[in-house]
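I opened my notebook to look up how one protein chain is put together. These are my entries.

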Amino acid sequence: MSLLLDTPVATPQDLTGRTVVVVHAHPDDEAIFTGATIRRLADHGARVVLVTATGGELGEPKVPLRGRTVGQLRTAELERAAELLGVARLVLLGRRDSGLPGWESGQHPRALVRADLPAVARTLARLVESERAEAVVGYDADGIYGHPDHVAVHLLARHAAALTGVTAYDATVD
């Protein structure tokens, strides 16, 4: 007998009427880190609210910009990804990409790392409450690989979950 055939498979749970808020730092993080989870939640009936903290303005384009900025291109890609992943609502927090540790871009007044994180977390908590979400998904404490915006998102998600009393989950990558 095949070991694969003997392995029990979990029956998918109906998540209709339940909401999860997934928080990311930049456009494309949703596809890279939690895309399969978001799609699976949506496929099982959950309402998924995707929150993206920055516009990813410092990303490196792999396609011609054709008169758009990097932020505009990444936002358009984010909107399309949200559609493909089954996201019910996309929320943009409007902060600026901080760049990597030591970059001058982290000093920009709108950079996420310069934000009043408790205030942004309260904004996120109000969203969690208004959506009647049962969980918030952010990043692990290391921000997956130490990116300052990812670490900030970890703190935001954890603080918002604590303020609202919902469960916090950390996305991580080995």
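In which helix does Y145 lie? I found Y145 in helix α6, residues 143-146. Helices (H or I, at least four residues) and strands (E, at least two) are DSSP runs, numbered from the N terminus.

I noted the ground rules. The model is predicted: local features need pLDDT of at least 70, side-chain atom pairs count only at pLDDT 80 or more, and totals for chains, interfaces and linings use all residues. Residues are numbered from 1 along each chain as its sequence is written, and side-chain values use heavy atoms, without hydrogens and water.

Next I checked the cover of Y145. Y145 is exposed, with a relative accessible area of 52%. Exposed means over 50%, buried under 20%, partly exposed in between (1.4 Å probe, protein chains only).

Then I turned to the sheet. I saw 5 strands in an open sheet, ordered β3-β2-β1-β4-β5, with parallel pairing. Two strands pair if DSSP finds at least two bridges between them. β3 (89-95) and β5 (167-171) stand at the edges with a single partner strand each, so one side of each has no neighbour in the sheet. I looked at β2 (residues 47-54) too: 5 bridges join β2 to β3. In this pair, T54 stands opposite R95 of β3.

Last, I looked up the helices on the sheet. Helix α5 (residues 117-131) packs on the sheet and touches β1 (19-24), β2, β3 and β4 (135-139). Helix α7 (residues 148-164) also packs on the sheet, touching β1, β2, β4 and β5. Contact means heavy atoms within 4.5 Å.

How values were computed. Axes fitted to C-alpha atoms, helices over the stretch in contact; angles between N-to-C directions.
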